[in-house]
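Subject: Structure handover

Hello,

Please find the structure below, with the sequence. My notes on it come after.

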Amino acid sequence: MELFRIHKTIPFMKYSKILNAISFISFFIAIGLLAVRGLTFSIEFTGGLVMEVNYPDAVPVQELRVDLEKATGGEVQVVNFGTARDAQIRLPLKGNKTSAQMSEEVMKVIHEKVPEAQLRRTEFVGPQVGEELATDGLTALLLVIVGIMIYLAFRFEWKFAVAAIIANMHDVFLVLGVFSLFQWEFSLPVLAAVLAVLGYSVNESVIIFDRCRECFRKIRKGTPVEIVDTAITQTISRTVITHSSTLMVTLSMFFFGGPALHYFALALTIGILLGVYSSVFVSAAIALYLGVKREDLVKKVRKDEISDMVP
């Protein structure tokens, strides 16, 4: 499916060195931010209080969040849970206060406006659980990376595999760097979004690399740079359709999904934009830097095989 077709090859690789220099600097800035500022982990990682409250009518989520943040002096998550009349409240413990004391404070604020509200459940998420989640999340991230490396190594020539992995790391660390820079909350949904960005980015690289392999086989006299530019140009229409559709979904979640999906959608949106950029200007450029050429992708036919083919 194509919305348009470009008949003149666009020289993408002409600008790769400048953009790669910017990417290189941005990558190390992101690592520096993560090392110095770190991430603002949610209570799933740091420990805190989870409460479920039932209202007689629909929960005024935004109003409740503002009231609780004023009362507790910290960031509070309030989302609908199950039905519009049920709310799930997440907040970190403050100072030497116990979970019971924090729970009483929260219910006191709620009962000032809605005396009929009922506390259904209170659960304390300890730091040990948070440590396990952080470890499991990091393990999942590493396993995804290893799986992608194995997949690309078997499907493509090793130079393409290395280029795709570097591009994926570029996307992941820049997403994490942005969250570190603005100190946005890093929660389990955001971790899921980061893992999704990995898969999304490698999919875009595979599409371009597949077309590169086809062009290397069909175009006999073109240089590697010309062939890569041709391959990227031929996939532009597909890229526009795919990523426009995906961005429509993530932006809809961002603007209309409420606080529960806010940072999840934000991480996905940033990751998708970075995935398109890195697949074109990072992975393809690195494959060229590594010296990919036609002989790497087109299998040579031995003389004995030719004689067997001739009747």
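The notes go from the whole chain to single residues.

This is a predicted model, in which local features need pLDDT of at least 70 and side-chain atom pairs count only at pLDDT 80 or more, while totals for chains, interfaces and linings use all residues. Residues are numbered from 1 along each chain as its sequence is written, and side-chain values use heavy atoms, with hydrogens and water left out.

Whole chain

The chain has 12 helices and 6 strands; these are DSSP runs numbered from the N terminus, helices being H or I of at least four residues and strands E of at least two. Its radius of gyration is 25 Å, whereas a compact globule of 311 residues would have one near 19 Å. That radius is taken over C-alpha atoms, and the globule rule is 2.2 Å times the number of residues to the power 0.38. Along the principal axes, the C-alpha atoms fill a box of roughly 90 × 45 × 40 Å.

Of the 311 residues, 44% are buried (buried is under 20% relative accessible area, exposed over 50%, partly exposed in between, with a 1.4 Å probe and protein chains only). The accessible surface is about 16,800 Å², and carbon and sulfur atoms account for 64% of that surface. Areas come from the Shrake-Rupley method with a 1.4 Å probe, and for residues only the protein chains shown count as cover.

Contacts (heavy atoms within 4.5 Å) were also sorted by sequence separation. Among those between residues at least 6 apart in sequence, 78% join residues at least 24 apart.

The chain carries 30 positive and 30 negative charges, and their mean positions are 12 Å apart. Lys and Arg count as positive and Asp and Glu as negative, with His and the chain ends not counted; the place of a charge is NZ of Lys, CZ of Arg, CG of Asp or CD of Glu.

Cysteines

How many disulfides does a search of the whole structure find? The search finds 0, a disulfide being a pair of cysteine sulfur atoms within 2.5 Å. For Cys 212, the nearest cysteine sulfur is that of Cys 215, 6.7 Å away. Seen from Cys 215, the closest cysteine sulfur is in Cys 212, and the 6.7 Å between them is too far for a bond. Cys 212 is buried at a relative accessible area of 1%, and Cys 215 is also buried, at 3%.

Loop residues

Pro 92 sits in the loop between strand S4 (83-91) and helix H4 (99-113) and is partly exposed, with 25% relative accessibility. Beyond its neighbours within four places in sequence, Pro 92 contacts Ile 43, Gly 47, Gly 48, Glu 75 and Met 102. Val 225 lies 133 residues from Pro 92 in sequence, and their C-alpha atoms are 53 Å apart.

The loop between H4 and strand S5 (118-125) holds Ala 117. Is Ala 117 buried or exposed? Ala 117 is buried, at 5% relative accessible area. Outside the four places on either side in sequence, its contacts are Val 53, Asn 54, Tyr 55, Pro 56, Met 107, Ile 110 and His 111. From Ala 117 to Val 172, 55 residues apart along the chain, the C-alpha separation is 42 Å.

Gln 183 is in the loop between helix H6 (158-182) and strand S6 (185-186). Its phi is near 55°, a positive value in a residue other than glycine. Most residues other than glycine have a negative phi. Gln 183 is partly exposed, at 30% relative accessibility.

Helix residues

Glu 105 belongs to helix H4 and is partly exposed, with 28% relative accessibility.

Pro 259 lies in helix H10 (residues 259-289) and is partly exposed at 43% relative accessibility. Pro 259 and Val 79 are 180 residues apart along the chain, with their C-alpha atoms separated by 7.1 Å.

Regards
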